[in-house]
Amino acid sequence: MAEAVTERQYQGRVHQRSRQLMSAWMSELARAEAEGVPTGALMISGNCVELLRACHVLPMFPEVTALQNAIRKKSLPLILKAEQAGYSSDNCAYVKADIGLFLDGGMGPGKPIPFPTITVCNYVGCNVYVKWFEHLADVSGSRLFVLDTPFARTPEPTPGDVRYVVSQLEELITLCESVSGKKFDIDYLREILGHAARAEAGYARCKHLTRHRPAPFDAYFDSINMMGPINVLRGTREAAEFFDEAVAEFEELVTQGLGPLSEERFRTVVEGPPPYPYYKSFRNLFTRWGAVAVQSTYSTVGGIWEWGFRHDPQRPLESIAEQMLRENLTNRSITARYGQIKRYVEEWEADALVIHSIKSCRLFSAGQGDMRDYFTRELGVPTLLVESDLEDPRYYAEAQLRNRIDAFFEALEHKKLVGAGH
Amino acid sequence: MTVDAIIEHCRAVVAEPLGAVAERWKAAHPGGRAVAVYPVWAPAEVIHAAGMLPLALLGGGTSVELTHADARFQSFVCSIAKSSLELGFQGLVRGVDGFVFSNICDVARNLASIYKRNFPEAFVEYLHLPQNSTSPAVVGYLQGELRRLADAFAQSFGLEVTDAALAKSIETYNTLRARLRALYRLRIEAPEKLSTVELYLALRAATLARPEDTLGWLGDLVAALPGRPTRRQDRMRVVLEGAFCEQPPLGLLEVLEEAGCYVVEDDLLLGWRWFTADVAADGDPFERLAAAYVNQAAPSSTRHEGRQHRSAGLIDKVRRSGADAVVFAPAKFCEPALFDYVLMKQGLERAGIPHLVVEFEEKMWTFERTRNEIETFVESMLFD
């Protein structure tokens, strides 16, 4: 048996700075009601957070609230509360945790999670978003604005798609003006988009650094430190600076030849969201095999930046529309995702694909058996499919997961040894 | 034809595999094409205007064993998605040239791409139907989307959809929907004259033929029903809600009525009755169809309607049909129905309308528990 692989217990500047920035945002949100700052609920996927910022509406993200409750192991009582109110055990647990928080009195007037002033459903890909925000608007009494983003069903968005989204963005501006009482300034939006583009370039650079051996960070488990700043705080100067620091730190690690584990034995691409209630336990199942994710699809739900797309201050609304329509994972078809993963496997030189299938999110999961079929049979990429959930701890079966993961990496190790002529 | 003869004809048509229906029609129409649409709504008019046979792709029901599709879709995915894919693997849709899917739910969206990957020789198109009902831009957008579908037919099949042909198809489908509305009105007035199973069979048979081949027997049915000798029973009038996509087994619909209900309204095969009034007769036909989708659509769990609460359409349906209660029948794992249930339930409770939930799967074959639940519900209402 080879020497045991361990985590370096590395908690660098990226981790610390991300926590500081996200905490500051949460504090700002908690003060918003008292300070009379309007808030707008948004979805993470392919969001138009820059526009809300430019309109002086503070963005809030129900998904972030849900995942934070899950990672702190507080999601189950909230889910059960929602189920008592009529939600099915088969409904998305993200939604149930969020509604459960309201039913539990944790969201609303005078609470750290205030009711949103406006509920902006940036409907990108996931139909459950529409339901979620309909329910959120219903409980909070806030004005619901559904920003319908046509799903990517042609190689490029049609001119009609872009016009349609831009028209709705203009309507959203009018709505925001009515709640903030401030006139929209396109130059201010351009300035914000400039910050956004800088953050996007930084995030893209970080993701390209994982092509190195060893990768300087785990592109699945550690990406969460960057997903907050890129998806929630995009458009702020602080987020842009955060990514400058992240790039510097990861480049330093590359120079030193350091990765997140004591040894990088397997390079994986991971598909699907993580099981937040058992984040660390799940990570440990891979750590012990020296498996490091060099790319992940979950880290691209808000935007795919590593292939060059940037918001363009010269075409502000059009570039926001293009990002919502095309440059994010969730508004693309599952088979387009196959293409994205294939590129990751090839260009990041991965040994295997790990699919974490979650019950809550059918947008991600429905059909991942077909994905496994494609990668194993057609491309010959070793592929592991495991199931649990991103929010509901009842679907996480540690022993079963461990058996499957161990068997997979044992086989992969054997294949490597045989391939190396031992 | 008598009512019974018409219903038996419909039962025979519905029992045929979809591919066989397509092949039979194509044999009678050499060079013809057949295009099947996944629930809920699709612009059958555009398919019809290209001279093709529009069909409903409604899964495999109780007749198809899953041997391939459950390796593609997980256990927590609804049956209709899996069995619709299975039809392809088992060659039961051979003869159907194309498939149209839309964004009714996340599973349907993924199913479209997976269909395309597994059956690359088939025409597969995905429509994005708007989830915004109030933007001034929405009709123009959908008009473009419908034209895109027509262009795809032209490119793949060499079949043009002219404005004149589409205008004619809209007129034909307006007539078909008027007949279907007449049947629904008749059932509200005299539910003992047409059981829900019978109405469902008639409706489903209408999704398996060109409308011009359907209008005759539908007209006969509308004309013959008032004279059908029946006796009204002491049953509770209910609205059936939630079975708009996956098809409930006929046994479930039978049990519902046998256990003491008259179903007086439902959302079965809703897409084929989508418009609450005729699509307008003048102007650009693509624009008219798009405008009707935005402004004249029946309330549906698959479409965001920003102008009214989720429960409003259902409550209106209850009032309009003189129903006493609602039976929710969501398919297992159907997120649109299961989510809407919560807001609808709250709305019904505010309005003082009783309700019951009966979950189903297309392959369900034993109904005794359901019968028991419904009987208890009916008794609790009748003897309240």
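In this predicted model, Lys332(B) lies over the face of Phe333(B), at 5.0 Å from the ring centre, where a charge is taken to sit over a ring if NZ of Lys or CZ of Arg is within 6 Å of the ring centre and within 35 degrees of the ring normal. A further such arrangement places the charged end of Arg303(B) over the ring of Tyr293(B), 5.5 Å from its centre. Residues are numbered from 1 along each chain as its sequence is written, while chains are lettered from A and ligands numbered from 1 in the order in which they are written. Local features need pLDDT of at least 70, side-chain atom pairs count only at pLDDT 80 or more, and totals for chains, interfaces and linings use all residues, with side-chain values using heavy atoms and leaving out hydrogens and water.

Buried means under 20% relative accessible area, exposed over 50%, and partly exposed in between, with a 1.4 Å probe and protein chains only. Because 8 of the 11 residues of α11(B) are buried, this helix is largely enclosed by the rest of the structure. At the start of α11(B), a side-chain oxygen of Asp284(B) reaches to within 2.7 Å of the backbone nitrogen of Phe286(B).

In α9(B), which spans residues 215–224, the residues Leu215(B), Trp217(B), Leu218(B) and Leu221(B) are buried. Ala205(B), found in helix α8 of chain B, is buried as well, with a relative accessible area of 4%. Not counting residues up to four places away in sequence, Ala205(B) touches Cys10(B), Val13(B), Val14(B) and Trp217(B), where contact means heavy atoms within 4.5 Å. Ala205(B) and Arg11(B) are 194 residues apart in sequence, and their C-alpha atoms are 7.6 Å apart in space.

Strand β5 (residues 236–241) and β6(B) run parallel and are joined by 5 bridges, two strands being paired if DSSP finds at least two bridges between them. Arg237(B) stands opposite Tyr262(B) in β6(B). The chain crosses from β5(B) through helix α10 (residues 250–258) to β6(B) in a right-handed β-α-β crossover, a term that applies if, with the strands pointing away from the viewer, the path from the first strand over the helix to the second runs clockwise. Strand β6(B), residues 261–266, is mostly covered, with 6 of its 6 residues buried.

Over all chains, the structure holds 43 aromatic pairs. Rings of Phe, Tyr and Trp (its six-membered ring) pair if their centres lie within 6.5 Å, and planes under 30 degrees apart count as stacked, over 60 as edge-to-face and the rest as tilted. One of these pairs, Tyr338(A) and Phe375(A), is edge-to-face, at 6.3 Å centre to centre and 70° between the planes. Tyr338(A) lies in helix α13 (residues 334–347) of chain A and Phe375(A) in helix α15 (residues 368–378) of chain A, so the pair ties together parts that are 37 residues apart in sequence. Tyr338(A) is buried at a relative accessible area of 2%, and Phe375(A) counts as buried at 0%.

Helix α13 of chain A also holds Gln340(A), which is buried at 2% relative accessibility. The side chains of Gln340(A) and Tyr344(A) are joined by a polar contact of 2.9 Å, that is, a pair of N or O atoms within 3.5 Å; within protein, one must be able to donate a hydrogen and the other to accept it, and residues adjacent in sequence count only if both atoms are side-chain atoms.

Two loop residues of chain A complete the tour. Tyr298(A), in the loop between β6 (291–296) and α12 (316–325), is buried at 10% relative accessible area, and its side chain makes a polar contact of 2.8 Å with that of Tyr276(A). Glu264(A), in the loop between α10 (237–256) and β5 (266–271) of chain A, reaches with its side chain the backbone nitrogen of Ala215(A) at 2.7 Å, and a polar contact of 2.8 Å joins the side chains of Glu264(A) and Arg267(A).

Methods:
Helices (H or I, at least four residues) and strands (E, at least two) are DSSP runs, numbered from the N terminus.
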